[in-house]
Amino acid sequence: MRRASKKSLSSAATASAGAEQVNEKQNRKRKGVSTNLTSRKAQRGPTKAVSKEVERIDQFFYTYADNSSVMIDPEGIETLCSHLEVPHTDVRILMLAWKMGCEKQGYFTLDEWRAGLKALRADSISKLKKAFPELVQEVILSPQIISYVQVTRPSNFQDFYIYAFRYCLTEDKKKCIEIPVACELLNLVLGLQFRPQYQNDYKINFPSLDNYDSDLAWPLILDNFVEWLRENKS
């Protein structure tokens, strides 16, 4: 009887230890599953937020896009401008095209729209309106900070200026733009950059140039352009 009792106790102890090991393994598995789920949720969180943002930006795009071309064409841009309460010739629309990296004048593709509006954090008319001042500041530097910013980081104005010229090349293999277009473009692009510094003293009338004074401190590119324009006026 004693031997049987010892065997019984030994078997019970072994069974108990085995049960504890099984329970421990199950607990570890549960913890592992819980950790994996938490990790997956953490990974999915930002992805879902980004996908929702892209979805809203896409919906915003299709408000103005042409159904057949799946692009925002000139008519769609005019509608967009009316909702933004700015004329389609406003320099901020050109800045918006620059921000999107648009390749064809008067047309916004979905990929271009996504890239630009994600950078501006705008998925609605109201948000795009609010983003305009920041966009202008990204391109245009005020006289008070221009010298400081040039030391700390390069200006986007040069990039914007070059883009504006290329954007107006409406035909393939075209390397120059017409003089009237160039005059309007210079007035539009250079006006915002330099007029705040000189508006009280200097103002050039395009295309007549009747009040141009070469002795005034205009940018060299303007002096060269006026000189070229006068030589070729006839």
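1. Ground rules. The model is predicted: local features need pLDDT of at least 70, side-chain atom pairs count only at pLDDT 80 or more, and totals for chains, interfaces and linings use all residues. Residues are numbered from 1 along each chain as its sequence is written, and side-chain values use heavy atoms, with hydrogens and water left out.

2. The largest pocket. Its volume is about 530 Å³. Of its 19 lining residues, His88, Thr89, Leu94, Gln105 and Tyr167 are the closest to the centre. A pocket here is an open set of points on a 1 Å grid over the protein atoms alone, where a 1.4 Å probe fits, with protein on both sides within 12 Å along at least five of seven lines; lining residues have an atom within 4 Å of a point. The volume is the space filled by probe spheres set on the points, which are joined across faces, edges and corners.

3. Who lines the pocket. α2 (74-84), α3 (91-100) and α8 (179-198) each supply at least two lining residues. α8 gives the most, with 5 residues. Helices are DSSP runs (H or I, at least four residues), numbered from the N terminus. By class, the lining has 11 nonpolar, 5 polar and 3 charged residues. Nonpolar means Ala, Val, Leu, Ile, Met, Phe, Trp, Tyr, Cys and Pro; charged means Asp, Glu, Lys and Arg; the others, Gly among them, are polar.

4. α2 against α5. The axes of α2 and α5 (residues 125-139) come within 10 Å and cross at roughly 75°. That makes α2 roughly perpendicular to α5 (65 to 115 degrees). Axes are lines fitted to C-alpha atoms over the stretch in contact, with angles from 0 to 180 degrees between N-to-C directions. Leu80, His83 and Leu84 of α2 meet Ile125, Leu128, Lys129 and Phe132 of α5; contact means heavy atoms within 4.5 Å. This contact has 5 nonpolar, 1 polar and 1 charged residues.

5. α3 against α5. These axes also come within 10 Å, crossing at roughly 80°. The two helices are therefore roughly perpendicular. α3 brings Arg92, Ile93, Met95, Leu96, Trp98 and Lys99; α5 brings Leu128, Phe132, Leu135, Val136, Glu138 and Val139. The classes are 9 nonpolar, no polar and 3 charged.

6. α3 against α7. Their axes come within 10 Å and cross at roughly 95°. α3 is thus roughly perpendicular to α7. Val91, Leu94, Met95, Ala97 and Trp98 of α3 meet Asp159, Phe160, Tyr163, Ala164 and Tyr167 of α7.

7. Aromatic pairs. The structure holds 8 (ring centres of Phe, Tyr or Trp, its six-membered ring, within 6.5 Å). Trp98 and Phe160 form an edge-to-face pair (planes over 60 degrees apart), 6.0 Å centre to centre with 80° between the planes. Trp98 sits in α3 and Phe160 in α7 (residues 157-167), 62 residues apart.

Definitions and conventions: Parallel < 35°, antiparallel > 145°, perpendicular 65-115°, else oblique. Phe/Tyr/Trp six-rings, centres within 6.5 Å; stacked < 30°, edge-to-face > 60°.
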